[in-house]
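Work through the following exercises with the sequence and the model at hand. Each task is followed by a solution in steps.

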Amino acid sequence: MLPKVWPGFHKALLRGLLLLTLINLSEAGKDFYRVLGVPRSASLQQIKKAYRKLSLKWHPDKNQDKKEQAQKKFMAISEAYEVLSDTEKKKIYDQHGEEGLKQNAGGGGGGFQGQDPFEMFRTFFGGGGGGGGRAGAGGEGMKFSFGAGGSPFGGGGSPGGGLGASLMFGKTVHGVKELSAKSWKSTVAEDSSRRNIVILFYESNLQEFRELKQAMQEFGERLVESAGLVDAGVVSCGKHQNLCEQEGIKNLPAAVYYGPEGEKPKRHPQGGGISFKSLSTWLPKVMADYVKVLKSELDVQQWLPKDDKVPHVVFFSDKKTTPPLMKALSAEFKGRAALGVVLAGSDDLAQKMGVRKRPALVHVQDEETLRGDGFDKEFKKEALARFLSRCVGKHRAQAGAVVKELTSARYTSGDCTPTDSNFCLLFFGDAGSSAMKTTLRSLAQRLKRDPVKVFFVKDVSFARAFSGASQGSVLLYRPKRRRFKRFSGDTSSLDELASFVDGAVGGGSPLPEQVSRS
């Protein structure tokens, strides 16, 4: 038989249990209901109303005289609202307190760990729709700003402290890097030789921010990570006001392309907004372009001698304009490789160079036949970059051991001119015969560590300067002294030619004749 209980026992028991629950919650961490000043039975509308009132009251931009205190209050209010306006988080908190949120990775011990408080504020007051199970835009479409003066970036002109000062990209958008003043220096200012990057300048309280983030997400995935056309970064002008002012940014949002050193920054057109479509249309038009368009065999012959220090690689395209990928590679390999492009319609040149199918890529190694090594992989950025790197390595390994024609273009670029400190071994005639070409190549290989360049000369105007050098003759010329010596031995003998050069370069054998100035 159950013992009798006094009247009101059950009510007292319930009060005791409720008290214990409140004590346990208090011990478990913060009291979010108290932070918002609402009862535990508060409805979602009451929670929204409390957040609206308190967030406006304690926003740091409205409390410049007590900013540190306001910052703490604003963070606490935002943290409480995030939890109590989220059905799942509220349920966990009501049952297990803040400790339960920690264990479920839903809340934040030691500070606000969830949604950015300034983004939450912007969203609540009509800056964009809500999401992720939160209360969303609880401000019924109301637009709000404090209107602080002193800077186009808000926040009363204080760097890093304004309403739009939040970093809204972080590491969440693949292919897009959130830049600080320090990383700007290393990424944009100092790494300028092969710089190729698009920067979006923004504020987190921009009404179109959500669309901007979506555009940059697609940009990062498709044009940065997948296609490899360009790098991408973003700068919060609310956080880094001085940097934005330094770059002349007056209207937000703004997208700017920064090419290699010497290229002026190019700005995305104002008006019409910034979307993935507008960025992908604008970028190919403003990218740095060091690709030489080649239309004829003469174009190639004039292009090849202009820089013997780098390999010359020709891309055959089925398009009528230079593909953006080739522009990107031309910036990446600037100073290391010369890139040319043969566009759709130049079929005779393609046939001359042995290309029957496009796209194609050829590392030109024979200036007479215009033939060389071809690319046989998929035309993706990574594979193309590897091929170009091999071309650079091969060219460097063969530097000085290649026999080329001394043309007017090569002479104009500095070979065998009075400013050239090297000796020039000149064979007058066409080195097309296999025997003579083999001898000259072997000689160039033997002399590659000496200050001697080996050329064949077909232009008769060069012969006149050397007192009418005859076809098939060989001479050694020192441009700085404008003096030369003729070879009188067997031109097919590698040893005799090498001995002739060694005697003159070593100083034992003088160069008796002088070049005519006519």
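Buried means under 20% relative accessible area, exposed over 50%, and partly exposed in between, with a 1.4 Å probe and protein chains only. The model is predicted: local features need pLDDT of at least 70, side-chain atom pairs count only at pLDDT 80 or more, and totals for chains, interfaces and linings use all residues. Residues are numbered from 1 along each chain as its sequence is written, and side-chain values use heavy atoms, with hydrogens and water left out.

**Exercise 1.** Classify glutamine 103 as buried or exposed, and state which helix holds glutamine 103.

Solution. Helices (H or I, at least four residues) and strands (E, at least two) are DSSP runs, numbered from the N terminus. Glutamine 103 belongs to helix H5, residues 87-103. The relative accessible area of glutamine 103 is 64%, so glutamine 103 is exposed. Between glutamine 103 and isoleucine 92 there are 9.9 Å in space, C-alpha to C-alpha, at 11 residues apart in sequence. For contrast, take cysteine 391: its relative accessible area is 4%, so cysteine 391 is buried.

**Exercise 2.** Describe the chain as a whole.

Solution. The secondary structure comes to 18 helices and 16 strands. The chain has 518 residues, of which 46% count as buried. Contact means heavy atoms within 4.5 Å. Among contacts with a separation of 6 or more, 71% are between residues 24 or more positions apart.

**Exercise 3.** Find the disulfides and give their pairing and handedness.

Solution. A disulfide is a pair of cysteine sulfur atoms within 2.5 Å.

- Cysteine 237 pairs with cysteine 244, with sulfur atoms 2.1 Å apart. The angle about the S-S bond is -95 degrees and the link is left-handed. Both cysteine 237 and cysteine 244 are buried.
- Cysteine 416 pairs with cysteine 424, with sulfur atoms 2.1 Å apart. The angle about the S-S bond is -110 degrees and the link is left-handed. Both cysteine 416 and cysteine 424 are buried.

With the bonded cysteines numbered in sequence order, the pairing reads 1-2, 3-4.

**Exercise 4.** How do helices H3 and H4 pack?

Solution. Two packed helices are described by the angle between their axes and the distance between the axes. Axes are lines fitted to C-alpha atoms, for helices over the stretch in contact, and angles run from 0 to 180 degrees between N-to-C directions. The axes of H3 (residues 44-58) and H4 (residues 67-84) come within 9 Å and cross at roughly 165 degrees. H3 is therefore roughly antiparallel to H4; the classes are roughly parallel under 35 degrees, roughly antiparallel over 145, roughly perpendicular from 65 to 115, and oblique for the rest. The contact includes Ile47, Tyr51 and Trp58 of H3 and Phe74, Ile77 and Tyr81 of H4. By class, this contact has 9 nonpolar, 3 polar and 2 charged residues, where Ala, Val, Leu, Ile, Met, Phe, Trp, Tyr, Cys and Pro count as nonpolar, Asp, Glu, Lys and Arg as charged, and the others, Gly among them, as polar.

**Exercise 5.** How do helices H12 and H14 pack?

Solution. The axes of H12 (residues 324-332) and H14 (residues 381-398) come within 11 Å, crossing at roughly 40 degrees. H12 and H14 are therefore oblique to each other. Leu325, Leu329 and Glu332 of H12 meet Lys381, Leu384, Ala385 and Leu388 of H14. By class, the contact has 5 nonpolar, no polar and 2 charged residues.
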